[in-house]
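Thanks for coming, everyone. I have one structure to walk you through this morning. Please look at the screen.

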Amino acid sequence: MSDQMYLVGGAVRDALLGLPVQDRDWVMVGATPKSLIDKGFLPVGKDFPVFLDPVTHEEVALARTERKTAAGYHGFQFHTAPDVTLEEDLVRRDLTINAMAQAADGTIVDPYGGRRDLEARVLRHVSDAFAEDPVRILRLARFAARFGDFTVAPETMALMRGMVAAGEADALVAERVWQEVARGLMEGHPARMIEILRDSGALARIAPELARLFGVPQPEAHHPEVDTGVHVLLVLEECARVEAPLPVRYASLCHDLGKGTTPEEEWPRHLKHESRGVELAAALSQRWRVPSDCKELAELVAREHTHVHQSLDFSAEARLRLIERCDAPRRPERFAQLLLACECDARGRTGLRDRPYPQRQALLHDLRAVQSVDQAAISAAALAAGKQGPAIGQAIHEARKAALRACESDRPR
């Protein structure tokens with residue numbers, strides 16, 4: 001039998017959905033490494049035979065089977081041979097919608113009902129081999145965030161819950177968790193990812209700080225949705241609506257973690273949840289090995305979001321302390337991200353999605369006034385007057401405060 005190459009996976013799925021195809025994956029059936037090398041294919045795979053097509057330079061994998069040999073997602077043994085069929089290769093994939101192939105003549109090969117599940121908007125596992133790889137829980141949750149109107153097949157949810165109960169989720173490593181969570185946060189419906197992870201039990205294993213927010217009440221006057229976990233989901237959806245960057249979405253995910261540690265006798269109030277939240281956000285970021293821009297913004301938002309919300313009533317001195325505490329003159333882009341996260345927090349509440357949030361523009365106005373102060377000139381004048389160190393810093397602070405007061409009447413409200 002001559003070898004045959006098939007387009008597989010997400011490219012087939014997205015084409016059937018009428019979506020743009022970003023990456024194309026190929027599988028070669030009936031070939032050997034030698035036969036491909038003889039045709040000019042360049043071997044590049046480490047764990048299993050993958051080659052670069054000499055014409056398109058796209059990756060082509062030999063059809064393969066696999067079996068689990070150890071816990072987690074590293075413990076797999078792969079087998080490739082000319083007699084491995086396309087159906088045997090596809091059955092090892094995670095979801096039916098990802099287990100379709102397209103032949104050179106355009107024919108769709110769909111042995112596991114992927115087309116049916118696309119039409120029904122269902123995420124369903126292909127086989128029980130799904131349970132061998134805990135990363136697939138994260139991937140399914142990410143697909144739920146991308147395809148927000150898809151549901152999870154009951155038997156697939158039951159399988160994931162069984163995986164969590166068996167300890168498979170505990171074998172996930174930080175890099176893979178963050179990789180999938182970050183991609184899911186950037187999808188159109190990031191709240192769906194958190195919902196699926198929670199329903200499967202995986203959220204409590206990979207982020208107990210988040211899982212315990214659900215069922216924790218807040219004052220209804222400020223939070224009509226009451227439940228803190230539900231609030232976080234609404235904030236994530238607002239982030240997606242305004243197309244916020246990843247640091248803002250991650251910070252929004254973490255902004256209220258401190259409320260999960262409020263003693264029940266203090267509910268629905270959450271005094272000092274901000275400082276507790278900073279520590280919890282830092283711990284989660286360290287465990288997931290989150291990039292520094294996301295980690296720093298998450299801690300900043302956890303610490304300052306309440307102050308930003310209250311800032312319309314602050315004096316010039318208090319607003320300047322907030323701006324300087326956030327290192328805004330030196331890092332204005334991060335300060336802008338803080339304010340966007342706070343706006344999403346304010347609007348991520350039941351019935352308040354379109355509420356005005358003048359605090360954001362008002363504080364950006366304040367920052368521009370602060371930035372207008374010529375620090376070099378003030379430092380030179382202070383030095384000429386014999387001032388040093390802290391005295392120069394205080395002089396700059398006073399000049400910034402004067403600049404804020406001077407443009408008070410122009411400040412958005």
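This is a predicted model: local features need pLDDT of at least 70, side-chain atom pairs count only at pLDDT 80 or more; totals for chains, interfaces and linings use all residues.

Now the overall picture. The chain has 413 residues, and 49% of them count as buried. Its C-alpha atoms fill a box of roughly 90 × 50 × 40 Å along the principal axes. The accessible surface comes to about 18,800 Å². Carbon and sulfur atoms account for 51% of that surface.

What about charge? There are 53 positive side chains and 61 negative ones. The centres of the two sets lie 5 Å apart.

Next, contacts. Take the pairs at least 6 apart in sequence: 65% of those contacts join residues at least 24 apart.

On to secondary structure. How many helices and strands are there in the chain? The count is 19 helices and 11 strands.

Now the sheet. Seven strands form an open sheet, and the pairing is mixed. Read across, the order is β3-β4-β5-β2-β1-β8-β9. Which strands stand at the edges? They are β3, residues 42–43, and β9, residues 108–109. Each has a single partner strand, so one side of each is left without a neighbour in the sheet.

Let's zoom in on one pair. Strand β1 covers residues 4–8, and β8 covers residues 101–102. The two run antiparallel, joined by two bridges. Within this pairing, Leu7 stands opposite Gln102 in β8. As background, strands of a sheet pair through backbone hydrogen bonds, either parallel or antiparallel.

That's the tour. Thank you.

How values were computed: Residues are numbered from 1 along each chain as its sequence is written. Side-chain values use heavy atoms; hydrogens and water are left out. Two strands pair if DSSP finds at least two bridges between them. Helices (H or I, at least four residues) and strands (E, at least two) are DSSP runs, numbered from the N terminus. Buried means under 20% relative accessible area, exposed over 50%, partly exposed in between (1.4 Å probe, protein chains only). Contact means heavy atoms within 4.5 Å. Accessible areas come from the Shrake-Rupley method with a 1.4 Å probe; for residues, only the protein chains shown count as cover. Lys and Arg count as positive and Asp and Glu as negative; His and the chain ends are not counted. The place of a charge is taken as NZ of Lys, CZ of Arg, CG of Asp or CD of Glu.
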